[in-house]
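Here is a short briefing to read alongside the model. Please keep the structure open while you go through the points.

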Amino acid sequence: MPMFVDTSPPGQCIFCRLVAGEIPAARVHEDELTLAFMDIGQVNPGHVLVAVKRHAATLLDLTEEEAAAAMRTARRVALAVREAFDPPGITLLQANGKEGDQTVFHFHLHVVSRHGDDGIALSWPRKDPPFAVLQGYAERLRGVLAAG
Ligand SMILES: [Zn+2]
């Protein structure tokens, strides 16, 4: 994961300044709610960030409209990355909170062109709980969702 961490206050964060044009970015696409630009780290050529324009720290702070717009832009960018760079794979990555590996606290998602043995790794320690435990987890979530 990237080591850079932006600790700027809301409204002055690096992505707000980038959206406002106060700092340069290699812009890819812009619409009413989102801005897509090249990640300066470029894990692989064609690595793009999709951010919402309004300052919202995480996925949980987005409106439904912003969330839909971010995924719509990510899909459009992914199609363009396929056309322009032809990577054998594309990964979307979206992190929330310090423990979730978020480093810039302004909602964004990564569209990453992927190649075999490109050094990207996500540890995924399966726990495989019994099915009854899964049902219990699902019941808790259904309860929250039903409450609206
Ligand atoms: Zn911001």
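The notes below move from the overall fold to the sheet, the core, and a few individual sites.

This is a predicted model, in which local features need pLDDT of at least 70 and side-chain atom pairs count only at pLDDT 80 or more, while totals for chains, interfaces and linings use all residues. Residues are numbered from 1 along each chain as its sequence is written. The chain holds three helices and five strands, where helices (H or I, at least four residues) and strands (E, at least two) are DSSP runs numbered from the N terminus.

**Overall fold**

- Following the sequence, the elements come in the pattern α-β-β-β-α-β-β-α.
- The C-alpha trace spans about 50 × 40 × 30 Å along its principal axes.
- Of the 148 residues in the chain, 20% are buried; a residue is buried if 20 or more other C-beta atoms lie within 10 Å of its own, exposed if 12 or fewer, and partly exposed in between, with C-beta atoms placed from the backbone.
- Among contacts in the chain with a separation of 6 or more, 60% link residues 24 or more positions apart; two residues are in contact if their C-beta atoms, placed from the backbone, lie within 7 Å.

**The sheet**

- Five strands form an open sheet in the order β1-β2-β3-β5-β4, with antiparallel pairing; two strands pair if DSSP finds at least two bridges between them.
- At the edges sit β1 and β4 (89-93), each of which pairs on one side only.
- Neighbouring strands of this sheet are turned by 20 degrees against each other on average, direction ignored; the axes are lines fitted to C-alpha atoms, for helices over the stretch in contact, and angles run from 0 to 180 degrees between N-to-C directions.

**Strand β2 and its partners**

- Three bridges join β1 (residues 27-30) to β2 in the antiparallel sense, and the two strands form a hairpin with three residues between them.
- On this side, Arg27 stands opposite Phe37 in β2, and His29 has Ala36 in β2 as its bridge partner.
- The pairing of β2 with β3 is antiparallel too and runs over five bridges.
- Here Thr34 lies opposite Val52 in β3, while Leu35 faces Ala51 in β3.
- Four of the five residues of β2 are buried, so this strand is largely enclosed by the rest of the structure.

**The nonpolar core**

- The largest nonpolar core has 22 residues, and those with the most contacts inside it are Ala36, Val48, Val50, Ala51, Ala74, Val77 and Val111; such a core is a set of buried Ala, Val, Leu, Ile, Met, Phe, Trp, Tyr and Cys residues joined through C-beta atoms within 7 Å.
- At least two residues of this core come from each of α1 (14-19), β2 (34-38), β3 (48-52), α2 (64-85) and β5 (108-114).
- Leaving aside neighbours within four places in sequence, Ala36 is in contact with Val28, His29, Val48, Leu49, Val50, Thr73 and Val77.

**Two sites to look at**

- UniProt lists His108 under "active site" in an unreviewed entry; its positions are given in the numbering used here, feature names are shortened, and annotations may be inferred rather than shown by experiment.
- His108 belongs to strand β5 and counts as buried because it has 24 C-beta neighbours inside 10 Å.
- Not counting residues up to four places away in sequence, His108 touches Phe15, Leu49, Val50 and Ala51.
- Ile120 lies in the loop between β5 and α3 (131-146) and is partly exposed, with 14 other C-beta atoms within 10 Å.
- Beyond its neighbours within four places in sequence, Ile120 is in contact with Val43 and Arg114.
- Ile120 and Phe37 are 83 residues apart along the chain, and their C-alpha atoms are separated by 20 Å.

**Helix α3**

- The 16 residues of α3 reach 22 Å from first C-alpha to last, close to the 22 Å expected at 1.5 Å a residue; the expected span is 1.5 Å times one less than the number of residues.
- Helix α3 is hardly covered, as the count of buried residues among its 16 residues is zero.
- Gly148 follows α3 and has a positive phi, near 95 degrees.
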